[in-house]
Amino acid sequence: MALGCEGLLTLTIKMRVSPELSSHQKLLNLMRRYREGLNHAIRVVVESKALSLGKAHKLLYNVLKERYNLPSKVAVDCYREAIAIAKSWLSNPDRGRMPRAKTPRLWLTYKYSYRIRDGYVELLGGYKLRIVGWDRRYDGYSSGDARLMLKDGKFVLEVSKHVPKPVKYNPRGVLAVDINEKHVVFGNSRTEYKFETAIERALHYKLLAENLQKRYSSTRYNVWLRRRGVRERVGYFHKRARNIVEDWVKKVSHKIVSLAKQHLYAIAREDLSGLVENLRKLPRKHRVAILLLSYRRLEHWIDWQCEKNGVPLIVVDPKGTSSTCPRCNSKLVENGYRRMKCVKCSFEADRDTIAVLNIEKKALSKMGGSLTTPTAPQMTDVNTNRCGEPMKPLKGTLTLQAGRRSAPFSIFQTFI
Ligand SMILES: [Zn+2]
């Protein structure tokens, strides 16, 4: 599948499938036993550090077969998945509680445990599931391992696909992304777009959850908290907050990457790992948690969309991007609400604009291209919502060396 590409991207295709009526219950029971077996296996793998197949096999194979009544091949798939989940959890510095599978499921090794034929998915053990709906864009690419999940009472097969990475184009210039609590600002010395963040909207649900928790956590109400209704409602609010952030991040990153691609620009973003580290040290308030989540997910989706669309991406050092004059490099001083001014060259602009200009400048110098000098008057009266307007090309052509950024999209990320 090598088409002059820079390696492969792994993405996940979702298919709605429907088992035959006669085997429906049997399959569901198997998926439920698998879930229980998996949760047991994750615990064992983490607690005994059994991250190799050999070690996991010794500890788990017979238990999974006998106690959880899994067929041999399914038992193997089960501890393999447990190792994958344990590894990804252990490598996450921000990990919370040990991961647990909540929905009935089945891990399927490509070729050995499943195959797709004539509109049906055939599983080892004789199960046959009709494919109801399916994204056909990736039909021509090779499939990898898959997961069968039960989501809201429906069977969904998630198949990983290996798709060649598109070759990145030579950008005509840079569009810089800056994120703060209120906005994502996207632009350069010629143009600027502003998108509102979803932080306030998500926070609303976090606060609802907290209020509900508070109300029922007094000793008077302890019994209530244990009641399923309240617990579920609290869980629902937390989930809703996370979904709001995720939806927003996907939408904004898609918009940003499409704009860059349409006009053949590279995207520049700050390396926010330092910022994320600092945020992590703050007390675990809801606002901090949502900020952290938003920043991390936005980085993730921008990077992923860039890889998928062949858009060059430049990551720059965030040092001084919001406090240095983009024209003369002097230190800026505050000049009213969210405005900064350079005492030396009298350049003046909005904080967000300054960050975007500095990120653009850093990216251009990283690319080794010529630098266009940003001019203050142009930026101060820039229209912030000119999404439909075509962008003017920057002077000169810049060549970017397609860096070897590996951003493998792990299908484990959506696992639990
Ligand atoms: Zn200056």
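Predicted model: local features only at pLDDT ≥ 70, side-chain atom pairs only at ≥ 80, totals over all residues.
**Exercise 1. Helix α8**

*Solution.* 
Step 1: See what comes next. Just after α8 sits Gly 310, with a positive phi of about 70 degrees.

**Exercise 2. A glutamate in α8**

Decide whether Glu 299 is buried or exposed, and find which residues it touches.

*Solution.* 
Step 1: Glu 299 belongs to helix α8.
Step 2: Use the cut-off. Buried means under 20% relative accessible area. Glu 299 has 18%, so it counts as buried.
Step 3: List the partners. Skipping residues up to four places away in sequence, Glu 299 touches Arg 269, Glu 270, Asp 271, Leu 272 and Ser 273.
Step 4: Zoom in on one of them. A polar atom of the Glu 299 side chain lies 3.0 Å from the backbone nitrogen of Leu 272.

**Exercise 3. A link between two side chains**

Find the helix that holds Glu 246, then say which side chain makes a polar contact with the side chain of Glu 246.

*Solution.* 
Step 1: Glu 246 is part of helix α6, which covers residues 228-262.
Step 2: Ignore neighbours within four places in sequence, and Glu 246 is in contact with Arg 297 and Trp 301.
Step 3: Now pick out the polar contact. The side chain of Glu 246 makes one with the side chain of Arg 297, at 3.0 Å.
Step 4: Compare the positions of the two partners.

**Exercise 4. The zinc site**

Name the protein donors of the zinc ion and work out which arrangement they form.

*Solution.* 
Step 1: Collect the donors. They are the SG atoms of Cys 325, Cys 328, Cys 342 and Cys 345, and they lie 2.2 to 2.3 Å from the zinc ion.
Step 2: Check the angles. To count as tetrahedral, four donors need all angles between 85 and 135 degrees. The 4 donor atoms here subtend angles of 101 to 117 degrees, which makes the arrangement tetrahedral.
Step 3: Compare with the ideal. Four tetrahedral donors would ideally give 109.5 degrees.
Step 4: Read off the spacing. Along the sequence, the donor residues follow the pattern C-x2-C-x13-C-x2-C.
Step 5: See what gets joined. Cys 325 is in the loop between β12 (313-316) and β13 (332-334), while Cys 345 is in the loop between β14 (339-342) and β15 (348-350), so this pair ties together parts that are 20 residues apart in sequence.
Step 6: Check how covered these two are. Cys 325, at 0% relative accessibility, counts as buried, whereas Cys 345 is partly exposed at 24%.

**Exercise 5. Positive phi values**

Which residues other than glycine have a positive phi, and where do they sit?

*Solution.* 
Step 1: Start with Asp 152. Its phi is positive, about 45 degrees, although it isn't a glycine.
Step 2: Asp 152 lies in the loop between β6 (143-151) and β7 (154-164), and with a relative accessible area of 80% it is exposed.
Step 3: Move on to Ser 346. This residue, also not a glycine, has a positive phi near 60 degrees.
Step 4: Ser 346 sits in the loop between β14 and β15, and at 48% relative accessibility it counts as partly exposed.

**Exercise 6. Another helix**

How many residues of α9 are buried?

*Solution.* 
Step 1: α9 covers residues 351-367, 17 residues in total.
Step 2: Its ends are 24 Å apart, C-alpha to C-alpha, close to the 24 Å expected.
Step 3: Of those 17 residues, 13 are buried, so α9 is largely enclosed by the rest of the structure.
Step 4: Following α9 is Gly 368, whose phi is positive, near 75 degrees.

**Exercise 7. The whole protein**

How many helices and strands does the protein have, and what share of its residues is buried?

*Solution.* 
Step 1: There are 10 helices and 15 strands.
Step 2: Buried residues make up 46% of the 416 residues.

Note on methods: Residues numbered from 1 in each chain as written. Heavy atoms only, no water. Helix = DSSP H or I, 4+ residues; strand = E, 2+ residues; numbered from the N terminus. Polar contact = N/O pair within 3.5 Å; in protein donor to acceptor, adjacent residues only side chain to side chain. Contact = heavy atoms within 4.5 Å. Donors = N, O, S within 2.8 Å, 3.2 Å for Na, K, Ca; no water. Tetrahedral: all angles 85-135°; square planar, octahedral: opposite > 155°, others 65-115°. Buried < 20%, exposed > 50% of the residue type's maximum accessible area, 1.4 Å probe, protein only. Expected span 1.5 Å × (residues − 1).
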